[in-house]
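Colleague: I am new to this one and would like to learn how to read it. Could you walk me through a few features?

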Amino acid sequence: MSDEAQAYKQAYSREKAARLEAEQLLDDKSRELFLKNQQLEASNKQLKEQHSALMRSEKMATLGTLSAGVAHEINNPLAFVYSNLGSLNGYVASYQKLLQLAQSWQDNEQLSASQTEQLRQLIETEDLAFISEDIIGLLADSQEGLDRMKDIVQNLRRFAHSQETGWEDVNLIEGLESTLKILNSQLKNTVIVDKHFEALPPVPGKANELNQTFLNIIVNACHAMKDTERPQLRIETGVAGNEVLIKITDNGCGMEEEVIQSLFDPFFTTKPVGEGTGMGMSISYSIIKDHQGRLQVASKPGIGTRFDIYLPLERNENTVSDSF
Ligand SMILES: Nc1ncnc2c1ncn2[C@@H]1O[C@H](COP(=O)(O)OP(=O)(O)O)[C@@H](O)[C@H]1O
Ligand SMILES: [Mg+2]
């Protein structure tokens, strides 16, 4: 072999070795990449599962707040309707005695003196004059109690809207009203609720999710106003351009700058264990984002907090939502 051919052969095999090495490297790298991708997919799936578990636990906490309020609201009318029915039962027995007597005499042309006396005695011992008066009040009270319970149940159904999963035209004021009714027992007697509702056009959305957001914000406001002397909750609605705006203001403890910074982070809470899940605001934020809206906050320690919810009047179907 000539020197030239020898050199060529050497160069060729060097090049071949380098190529093989490069191919091997590429092979290793793509295998590595493939494995990394698989790991990423697995952790993404795990993250999604954890997220939905969290949503569930926050839903359970919301459900706890709701059930406590509803039980409290229903308990009182339930107790008096129950007791009224007890009285009415006794009254019916007295009326039956009167009816029996009247029936036994229905064919008499005239009552004897002793029969008239018997009738007078029955009316007196059974206190039928009182019963006749009392019965009207008892029935009216019971009717009112049942109306109250019906109202609570209706509000709960309107609030929960649980079956609806798709987009619909949402009446936000109705949502705010039923949320306030549901929270009545938490607000009653202490918190002054100032409603400044300007009529709103229907907004495309998921009623149950928007109601959950209102609930989360109002419950937080109640917690924040625990030590406020004259707790006041102001709720305003209005239309601004192509958006509706809902402002919820409290005069509670307010927030320091670093609390505001972390407010929407999952698990962020300043409340003791068992009292706060730290998920309310993070979920509310993603709900409003999912509605292509904005959730903004302004707060001053010792003064209070205002949440501004902006929701578009029309949904842009071309925007891909990145919330999972
Ligand atoms: N209206 C408010 N006033 C003062 N602080 C608030 C208010 N709303 C929320 N916060 C603060 O934000 C934190 C996170 O709220 P949230 O996500 O609802 O979780 P949680 O209520 O379970 O603590 C609260 O712990 C509280 O410190
Ligand atoms: Mg909360």
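Colleague: Where does Asp127 lie?

Modeller: Helices here are DSSP runs of H or I with at least four residues, strands are runs of E with at least two, and both are numbered from the N terminus. Asp127 falls in the loop between helix H2 (113-125) and helix H3 (128-160). Though not a glycine, Asp127 has a positive phi of about 55°.

Modeller: A word on the source: this is a predicted model, where local features need pLDDT of at least 70, side-chain atom pairs count only at pLDDT 80 or more, and totals for chains, interfaces and linings use all residues. Residues are numbered from 1 along each chain as its sequence is written, chains are lettered from A and ligands numbered from 1 in the order in which they are written, and side-chain values use heavy atoms, leaving out hydrogens and water.

Colleague: Is Asp127 buried, exposed or partly exposed?

Modeller: Buried means under 20% relative accessible area, exposed over 50%, and partly exposed in between (1.4 Å probe, protein chains only). Asp127, with 42%, is partly exposed.

Colleague: And which loop holds Phe267?

Modeller: Phe267 is in the loop between helix H7 (257-262) and helix H8 (280-290). Phe267 also has a positive phi, about 75°, without being a glycine, and counts as exposed at 52% relative accessibility.

Colleague: Which polar atoms lie by ligand 1?

Modeller: A polar contact is a pair of N or O atoms within 3.5 Å. A polar side-chain atom of Asn220 is 2.8 Å from an oxygen atom of ligand 1, and for a side-chain N or O atom of Thr270 the distance to a ligand 1 oxygen is 2.4 Å.

Methods. Polar contact = N/O pair within 3.5 Å; in protein donor to acceptor, adjacent residues only side chain to side chain.
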